[in-house]
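Grab a pencil and have a look at the model below. Then try the two exercises before you read the solutions.

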Amino acid sequence: MKLIFLGPPGAGKGTLAAKAVDILKLPHISTGAIFRSAIAAQSTLGLKVKAVIDAGKLVDDAATIELVKERLAQADAQAGYILDGFPRTIPQAEALSAFSSVDKVVNFDIPDSSVLERLGGRRVCRKCGANYHIVFNKPKNEKVCPACGGEIYTRDDDREEAVQKRLEVYRAQTAPLIDYYRKKGLLVDVDARPLVDEVVGNFKKALGL
Ligand code: ADP
Ligand code: ADP
Ligand code: ZN
């Protein structure tokens, strides 16, 4: 099954993807996570995208499309995948349709107030990328990842100015994909407001699992 997770920043896409990996046995492909690894490794790509990402803007379509095209060509993605955070623009969606089919687009439905609450408390493991939250999913030791022992940090783009910019960018460039995929008959809406276990239930129901 080829799935796209669509929704505003902080909707819970990454958190649900981690659960869906166990349910569906498919790889989780997050463009944001790929960019963060590139930044950590100080690769050419990482050096190029760091300032743009920290400012809450989008990486250019050409570079992002190329990255996803290469990733989806790998062996583990042939039976399906969970694509989290791509496409984020209509040109990205058009490009994707030229190199992969899509079975369903899961739209994470959530108000801005919840998004702000979730992004404001988000913490991430530098080593394995696991997501935590200072209220909703608090690790015992606030600095150490319980899954891998890595350092827990606050993303630079979760600072307030960057969050406002990301929400603007979402509304202008990404939200039009909701109608785009609805018209193609691929969209399924998931109520992303409740606690994680209930969102997992909503997701399974929406996909008929
Ligand atoms: P979030 O989980 O908060 O929605 P992501 O981890 O998906 O954020 O992405 C972090 C940042 O990486 C984005 O704000 C953007 O700068 C960049 N990025 C991720 N995916 C894309 C994409 N498909 N197109 C352009 N930029 C992207
Ligand atoms: P996205 O990938 O859409 O940007 P994340 O999965 O990183 O979103 O979630 C954003 C923040 O909200 C994280 O701190 C995560 O722990 C928390 N979170 C995710 N889902 C829920 C939920 N259903 N209820 C409360 N907090 C959540
Ligand atoms: Zn970790």
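**Exercise 1: the surroundings of ligand 2**

Start with one contact: a polar backbone atom of G12 sits 3.0 Å from an oxygen atom of ligand 2. This is a predicted model, where local features need pLDDT of at least 70, side-chain atom pairs count only at pLDDT 80 or more, and totals for chains, interfaces and linings use all residues. Side-chain values use heavy atoms, without hydrogens and water.

Task: find which side chains have a polar atom by ligand 2, and how much of the ligand the protein covers.

Solution: 
- Step 1. Look for polar contacts (pairs of N or O atoms within 3.5 Å).
- Step 2. R118 puts a polar side-chain atom 3.3 Å from a nitrogen atom of ligand 2, and an N or O atom in the side chain of N131 is 3.1 Å from an oxygen atom of ligand 2.
- Step 3. Now the cover: on its own, ligand 2 has 560 Å² of accessible area (Shrake-Rupley method, 1.4 Å probe), and the protein covers 94% of that.

**Exercise 2: the zinc ion**

Task: name the protein donors of the zinc ion (ligand 3) and work out their arrangement.

Solution: 
- Step 1. Donors are N, O and S atoms within 2.8 Å of the metal (3.2 Å for Na, K and Ca).
- Step 2. Check the angles: they run from 98 to 115°, so the arrangement is tetrahedral (four donors, all angles between 85 and 135 degrees).
- Step 3. Along the chain, the donors follow the spacing C-x2-C-x16-C-x2-C.

Note on methods. Residues numbered from 1 in each chain as written. Chains lettered and ligands numbered in written order. Tetrahedral: all angles 85-135°; square planar, octahedral: opposite > 155°, others 65-115°. Polar contact = N/O pair within 3.5 Å; in protein donor to acceptor, adjacent residues only side chain to side chain.
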